[in-house]
Amino acid sequence: QVQLVESGGGLVQPGGSLRLSCAASGTTFSIYVMGWYRQAPGKQRELVATITTGGNTNYVDSVKGRFTISRDNAKNTVYLQMNSLKPEDTGTYYCNADHLGIPGLNYWGQGTQVTVSS
């Protein structure tokens with residue numbers, strides 16, 4: 001059973017920074033495409049960033065230049081460095097692991113709350 005555990009969320013003022021971490025266990029971490037998603041109250045969950053097994057990254061337009069996704073396969077961990085945070089970045093951030101889009105090989109963490117407010 002794959003487990004993903006997020007950490008690093010919290011309350012931060014606009015313009016501030018946070019670093020989210022997602023630790024994976026119970027699997028061969030390096031074979032998974034890892035992603036960060038977020039869900040604001042009353043809105044659908046949206047993709048924020050992904051990183052492939054080879055380290056290629058992709059971001060939603062609203063976070064480009066502010067967020068950076070990275071992975072450390074030796075530590076089975078994916079990170080999301082969030083800078084210049086805005087109130088609209090507020091939401092619950094979820095870690096996702098996906099292997100080739102195969103049903104049953106897609107996993108979610110429990111989420112970590114990020115609140116950007118003065």
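This is a predicted model: local features need pLDDT of at least 70, side-chain atom pairs count only at pLDDT 80 or more; totals for chains, interfaces and linings use all residues.
Trainee: OK, how many helices and strands are in the chain?
Mentor: Zero helices and eleven strands. Those are DSSP runs numbered from the N terminus, with helices being H or I of at least four residues and strands E of at least two.

Trainee: And what about the overall dimensions?
Mentor: The C-alpha atoms fill a box of roughly 40 × 25 × 25 Å along the principal axes.

Trainee: What share of the residues counts as buried?
Mentor: 41% of the 118. Buried means under 20% relative accessible area, exposed is over 50%, and partly exposed is in between, with a 1.4 Å probe and protein chains only.

Trainee: Switching to cysteines: which ones does a disulfide join?
Mentor: C22 and C95, with S to S at 2.1 Å. The rule asks for a pair of cysteine sulfur atoms within 2.5 Å, and the count by that rule is one disulfide. C22 lies in strand β3 (residues 18-25) and C95 in strand β9 (residues 91-98), so the pair ties together parts 73 residues apart in sequence.

Trainee: Left-handed or right-handed?
Mentor: Left-handed, because the torsion about the S-S bond is about -80°.

Trainee: And are those two cysteines buried or exposed?
Mentor: C22 counts as buried, at 0% relative accessibility, and C95 is buried at 0% too.

Trainee: Let's look at R38. Where does it lie, and what does it touch?
Mentor: R38 lies in strand β4 (residues 33-39). Leaving out residues up to four places away in sequence, R38 touches Q44, R45, E46, V48, S62, V63, F67, E88, D89, T92 and Y93.

Trainee: Is R38 buried or exposed, then?
Mentor: R38 is buried, with a relative accessible area of 6%. Its C-alpha is also 6.0 Å from that of G91, which is 53 residues away along the chain.

Trainee: V63 was among the R38 contacts. Where does V63 lie?
Mentor: V63 is in the loop between β6 (57-59) and β7 (67-72). At 0% relative accessibility, V63 counts as buried. Beyond its neighbours within four places in sequence, V63 is in contact with R38, V48 and D89. V63 and M82 are 19 residues apart in sequence, with their C-alpha atoms 8.5 Å apart.

Trainee: What about H99?
Mentor: That one is in the loop between β9 and β10 (106-108). H99 is buried at 17% relative accessibility. Not counting residues up to four places away in sequence, H99 touches I31, Y32 and L105.

Trainee: And T50, what is it in contact with?
Mentor: T50 sits in strand β5 (residues 46-51) and is buried, with a relative accessible area of 18%. Its contacts, leaving aside neighbours within four places, are V33, M34, G35, N56, T57, N58 and I69.

Trainee: Last topic, backbone angles. Which residue other than glycine has a positive phi near 55°?
Mentor: N76. N76 is in the loop between β7 and β8 (77-82) and is partly exposed, at 23% relative accessibility. S84 is not a glycine either and has a positive phi of about 50°.

Trainee: Where does S84 lie?
Mentor: In the loop between β8 and β9. S84 counts as partly exposed, at 40% relative accessibility.

Methods
Residues are numbered from 1 along each chain as its sequence is written. Side-chain values use heavy atoms; hydrogens and water are left out. Contact means heavy atoms within 4.5 Å.
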